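Me: Please examine the structure shown below and discuss its aromatic rings and their surroundings.

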Amino acid sequence: PEYIDRFNREWLAACRDKLTDSGTIWVSGTFHNIFSVANCLTELGYKILNVITWQKTNPPVNISCRFFTYSTEFIIWARKCEKVAHKYNYELMKKLNDDKQMTDVWRLPAIGRWEKSCGKHPTQKPIAVLARIIQASTLPDALILDPFNGSGTTGIAANLLGRRYVG
């Protein structure tokens with residue numbers, strides 16, 4: 001646990017140094033690390049705005065049959081500064097949700113086979129999740145940073161939505 005906390009604190013601090021004062025960060029994870037991330041964000045002075053629960057409509061099966069099937073991930077949305085306004089595209093999120101306020105529970109499918117066609121990554125996210133994140137908190141031509149870059153899906157979503165990207 002100490003190593004995980006130290007690692008999370010270091011990369012979150014590096015991201016904080018790169019964010020503009022009105023910038024936000026989105027961090028996804030499972031119960032294995034998300035609580036450490038939340039604590040580190042708070043320690044570093046971020047303001048947590050929401051904790052999104054991504055409910056996968058097609059979760060992978062539980063082969064061991066010794067516990068409940070993992071069907072959710074958590075996505076923390078936080079801004080850099082406590083008192084500096086952040087971007088939230090409220091009207092767009094409402095429009096994408098049948099003209100109702102979008103909640104912090106997102107029912108979206110897990111990654112499909114076609115999205116893994118260029119290789120497999122253990123924590124790859126579907127374009128739908130990343131597109132919603134990007135649309136919720138940025139405007140066209142905004143700069144998106146993915147410090148881990150994994151399978152590059154964030155870059156694909158950013159490009160499709162007219163945002164600049166660094167991975």
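Predicted model: local features only at pLDDT ≥ 70, side-chain atom pairs only at ≥ 80, totals over all residues.

Me: How many aromatic pairs does a search of the whole structure find, and what is the angle between the planes of Tyr-3 and Phe-7?

Reply: The search finds nine aromatic pairs. Among them is the pair of Tyr-3 and Phe-7, with 6.4 Å centre to centre. The pair counts as stacked because planes under 30 degrees apart are classed in that way. The angle between these two planes is 15 degrees.

Me: Is the pair of Trp-77 and Tyr-88 stacked, edge-to-face or tilted?

Reply: The ring centres of Trp-77 and Tyr-88 lie 5.7 Å apart. Planes under 30 degrees apart would be stacked and those over 60 edge-to-face. With the planes at 50 degrees, the pair is therefore tilted.

Me: Is Trp-77 buried or exposed?

Reply: Trp-77 lies in strand β3 (residues 72-79), whereas its partner Tyr-88 lies in the loop between β3 and α3 (90-95). Tyr-88 has 33% relative accessibility and is partly exposed. Trp-77 has a relative accessible area of 4%, and therefore counts as buried.

Me: Over which ring does the charged end of Lys-56 sit?

Reply: The charged end of Arg-16 sits over the ring of Tyr-46, 5.4 Å from its centre. For Lys-56 the distance to the ring centre is 4.9 Å, and the ring is that of Trp-54.

Note on methods
Residues numbered from 1 in each chain as written. Heavy atoms only, no water. Phe/Tyr/Trp six-rings, centres within 6.5 Å; stacked < 30°, edge-to-face > 60°. Helix = DSSP H or I, 4+ residues; strand = E, 2+ residues; numbered from the N terminus. Buried < 20%, exposed > 50% of the residue type's maximum accessible area, 1.4 Å probe, protein only. Lys NZ or Arg CZ within 6 Å of the ring centre and 35° of its normal.
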